[in-house]
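Hi there,

Here is the structure I promised to pass on. Have a look at it first, and then read my notes on its aromatic rings below.

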Amino acid sequence: MNSIIQVAPGVIWLGTSQQGIYQLNTQTDEIISLDQQWKIDCKVVFFFQETATDHIIGCASAIIKVNKTSGKVSSFSHKDGFISDEFNESAKFYDPDKGFYVGTPDGAMLIDLDKLAPRTVNDKVILESVSVYYENNTAVFLIPSQLSQVEPGANLISFQIAILDYLDNKPMTIQYRLVKNGADAGNYVLLEGQSQINITGLSAGAYVLELLYKRNGVWSSEPFQYPFMIKQFWWRSQQFKGALTFSLLLIVLVILVFRQRQINRFKKMNVALLQSDDRLRQALKGSDSDLWEWHGNTRLLSLDNRGGVLGPIPYIEMKLEEIPIHQDDIELITKAWNKLLLSATDMIDIEYRYQNEHDHQWHWLRIKGRAIEVDQNSGRLIHAAGMYTDITQQRALESEVNLLAQAFENTSEGMLILDVNKNIKISNAAANLILAAKKSDLAGKPFSDLVFETVEPFDMDDVFDKELFWTGECEFNCSDGSRCPVWINVSTMFNLNGSALHYVVVFSDITERKHNELHLRRLANNDMLTGLANRAMFSRRLGQVIETAKQQNETLALLFLDLDRFKHVNDSYGHSMGDALLVEAASRLQSCLSEEHLLCRFGGDEFVILLRDAKDVDTINHIAKQLLKQIETPFKLYGREFFISTSIGISIWSGDDQTPETLIKNADLAMYHAKEEGRGNFQYYSAERNAEALYHLRLEADLHRAILCNEFEVYYQPQIDVHQQNRIVGVEALIRWKHPKDGMVRPDVFIGIAESCGLIVEIDRWVLTQACLDGARWHQQYQSEIKVSVNVSAMHFRQPDFIDFLTATLHQTAMPARCLSVEITEGVLMKEIDIASQHLLALKQLGINVAIDDFGTGYSSLAYLRSFQVNTLKIDRSFLIHIDSNQADQAIVSSIIELARNLSLDVIAEGVESEQQLDQVVKRGCHVIQGYYFAKPMPKAELELDIKRKMLINE
């Protein structure tokens with residue numbers, strides 16, 4: 001690196017001793033060769049110098065000036081006035097006022113850079129002459145511009161070059177290139193020390209010779225150009241060569257095309273033959289067929305088995321007798337082959353069974369062929385050929401087709417096959433039977449003529465043209481004029497194009513099913529005995545009628561009837577008599593109603609009537625009275641006469657929000673009210689009665705938890721012996737229920753509910769247990785024989801384990817049996833005499849006292865009283881209420897007391913509330929008194945205080 005100078009911000013020039021001048025961009029690190037850019041020859045750089053307007057570069061033999069503004073590059077050497085053609089390295093000095101000093105081997109020189117200019121102005125390169133060398137002569141053009149075209153046949157073109165710089169005595173250095181019009185220009189060729197350019201082998205065309213020359217180390221920027229044209233012989237022209245080549249190629253192409261067509265024709269013929277043979281082979285193979293030949297000279301049968309019909313062997317030869325034919329077919333095929341051999345026929349077509357050697361199974365084979373050559377003299381067969389086909393699958397398919405045909409004909413369901421126009425093509429035997437028609441009568445008949453009516457909409461076009469499958473119910477017109485209900489299935493058969501080809505109609509006779517449906521509908525909606533609407537149908541109709549009544553502001557009445565004493569008839573005379581009575585009763589009830597009213601057998605001996613448009617009560621009352629009168633009329637059935645009545649409950653619907661269930665329930669409640677009023681009458685539903693019923697239902701639900709929640713309590717009412725200074729000789733245990741919300745509930749209310757819902761047994765046992773516990777404690781504490789009386793219900797007394805429970809309770813509570821008294825009503829004893837006798841005997845054996853409660857109000861059979869094992873009679877309070885003034889009551893009480901005395905029974909007067917009543921019973925001989933006169937029923941604690949008080953008084 002000889003020299004460095006900054007020529008612009010971020011741009012410096014680097015001078016080297018061998019590589020010339022480089023420009024470095026310090027911001028991008030880009031390096032550019034200025035020798036190549038400026039086209040100068042300055043490989044050795046001696047110095048750089050900057051002036052106000054130029055950059056000066058000192059080379060080995062020239063000074064280069066670069067204008068800062070325009071960038072123009074100028075080169076100067078010793079021929080422009082320098083004292084030497086060489087410079088010294090770094091020997092330079094610049095004084096802006098005097099000039100630029102440069103050191104040379106011949107001394108220093110001062111240069112005025114502003115006046116520096118080349119001494120020769122027109123020193124360009126010129127073309128002195130052009131010589132064209134032909135085969136026999138040479139054409140020389142001293143004025144090159146006269147040569148515009150070079151004639152054909154030129155072997156060499158010589159160009160003589162000269163430079164007009166007369167001051168430069170150095171060898172000429174130029175660059176040249178020959179550019180053909182339309183071709184790439186290419187690179188320049190360097191020519192040093194020579195002034196002649198020789199060019200040969202030029203093709204026809206327009207050319208330009210371009211020359212560059214170097215002055216003071218700087219190449220010229222614009223080349224010297226010399227244009228000329230090379231002409232060519234016509235037969236050497238590209239057009240001629242192209243036409244000739246095209247013609248030759250065309251001829252060759254025509255020959256090749258002709259030859260190829262010949263080859264293609266041969267190929268097509270060969271391919272056609274191969275394809276024909278292959279099609280034959282494929283057709284034979286696709287149909288499980290192959291070819292056979294028979295020659296008379298060898299008497300061999302040749303079988304082409306490339307299709308594999310007879311097994312894996314592709315070619316088979318055998319004699320006729322070697323073929324494995326089924327034993328049953330040998331005679332048939334031998335006869336047919338002999339006819340062909342003797343020319344009795346020129347064709348053979350026969351089917352037989354043979355054994356396949358591959359799978360050892362019997363297959364069916366069909367042989368078809370004809371005579372090819374026959375001996376004219378003898379008439380015997382010489383050559384025959386044909387084809388054979390394995391028809392095993394065809395035979396199996398035919399068998400399946402026959403099977404399907406038989407199934408089609410013998411199926412129990414009717415089948416019709418229709419064409420695309422919906423006309424009947426085929427019908428089976430079942431269809432002919434159902435439609436009462438012959439096969440010929442149905443063939444060609446439009447299917448629409450069969451259809452009479454459908455339960456569902458039956459659109460012919462929709463069913464046949466849009467749906468792949470349709471099923472439904474309809475009626476067919478039979479040929480005998482009748483109609484038959486059928487269940488049909490319609491399906492469509494399509495061809496390969498997806499178009500309808502046939503329609504299949506399968507149908508079955510559902511006449512019996514329709515009858516069964518009708519019967520089931522009657523079973524579902526009607527009572528089978530009376531034919532009336534049943535409960536399910538009535539409930540549906542009632543809901544519908546109520547909805548209609550809401551819209552039309554109609555008033556409805558519902559009557560709930562229950563036949564009185566029907567159970568007695570049913571139990572006494574059997575169910576057949578009861579059923580006959582129900583049928584007659586239904587008929588009588590229906591006779592009282594018009595068509596708009598609905599009568600229903602609700603169940604058992606219950607009937608429900610819905611009255612439409614019940615505008616006033618008088619109309620309802622009139623109908624109810626008619627119904628009562630009809631039922632009260634004696635029933636004469638099977639020679640017997642029955643007298644029954646009916647109780648009717650009535651509820652009214654007049655546009656309120658009552659549901660059907662509520663309406664029925666209200667009428668049912670009113671019916672029970674009618675029974676309570678003495679039967680044989682009608683009662684209207686009232687809210688008060690409903691409230692009472694709801695109250696009883698709520699109490700029934702609460703009774704179930706009363707024992708568990710310890711809501712019951714035992715009260716005791718003392719039994720006083722007036723002959724023993726009013727001493728307490730016994731107590732009666734009476735249950736009381738303290739309801740958590742309602743307080744004390746009346747015993748007659750909840751005991752009746754307990755008896756109806758089955759809780760009375762559990763309550764009885766609870767009372768017995770509590771009474772025995774208390775009695776045992778009193779016996780130990782007071783050392784007294786206080787007898788505890790406990791009422792036993794009829795249901796409890798009839799229990800098989802009644803005695804066992806009493807025995808276990810006495811044992812568990814340590815209650816003395818003699819201190820316990822069981823009170824039973826007369827009705828219990830009289831209804832269950834056998835059980836009563838057994839239980840009374842067992843009670844006596846246990847030592848338990850038995851008292852007949854409410855004596856005189858029940859059956860009062862003196863004969864049974866004599867045989868029953870009882871100890872006490874309790875006079876009912878109903879005889880004591882008016883005993884002071886009623887002589888009849890006095891007589892009854894006297895009789896009871898006298899009866900007890902005669903039977904050695906104790907007597908207790910129950911319900912004594914006044915002194916007059918006390919005097920009446922005491923003077924007649926009854927001295928044990930129970931009633932409000934002495935004490936009301938009291939809790940256990942109060943009773944114990946009273947016992948202690950009386951014991952102190954007695955002491």
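**Aromatic contacts**

At 9% relative accessibility, Trp-337 counts as buried. Please keep in mind that this is a predicted model.

The partner of Trp-337 is Trp-294: the ring centres are 5.7 Å apart and the planes stand at 80°, so this is an edge-to-face pair. Trp-337 belongs to helix H3 (residues 330-341) and Trp-294 to strand S22 (residues 289-295), so the contact ties together parts that are 43 residues apart in sequence. Trp-294 counts as buried too, with 1% relative accessibility.

Phe-712 has 5% relative accessibility and counts as buried. Trp-766, at 17%, is also buried, because the cut-off is under 20%.

How many aromatic pairs does the structure hold? The count is 24. There is also an aromatic cluster, formed by Phe-159, Tyr-207, Tyr-226 and Phe-228.

Finally, two arginines over rings. Arg-535 lies over the face of Phe-602, 4.1 Å from the ring centre. Arg-765 is placed over the face of Phe-805, at 4.7 Å from the ring centre.

Best wishes

Notes: Residues numbered from 1 in each chain as written. Predicted model: local features only at pLDDT ≥ 70, side-chain atom pairs only at ≥ 80, totals over all residues. Heavy atoms only, no water. Phe/Tyr/Trp six-rings, centres within 6.5 Å; stacked < 30°, edge-to-face > 60°. Helix = DSSP H or I, 4+ residues; strand = E, 2+ residues; numbered from the N terminus. Buried < 20%, exposed > 50% of the residue type's maximum accessible area, 1.4 Å probe, protein only. Lys NZ or Arg CZ within 6 Å of the ring centre and 35° of its normal.
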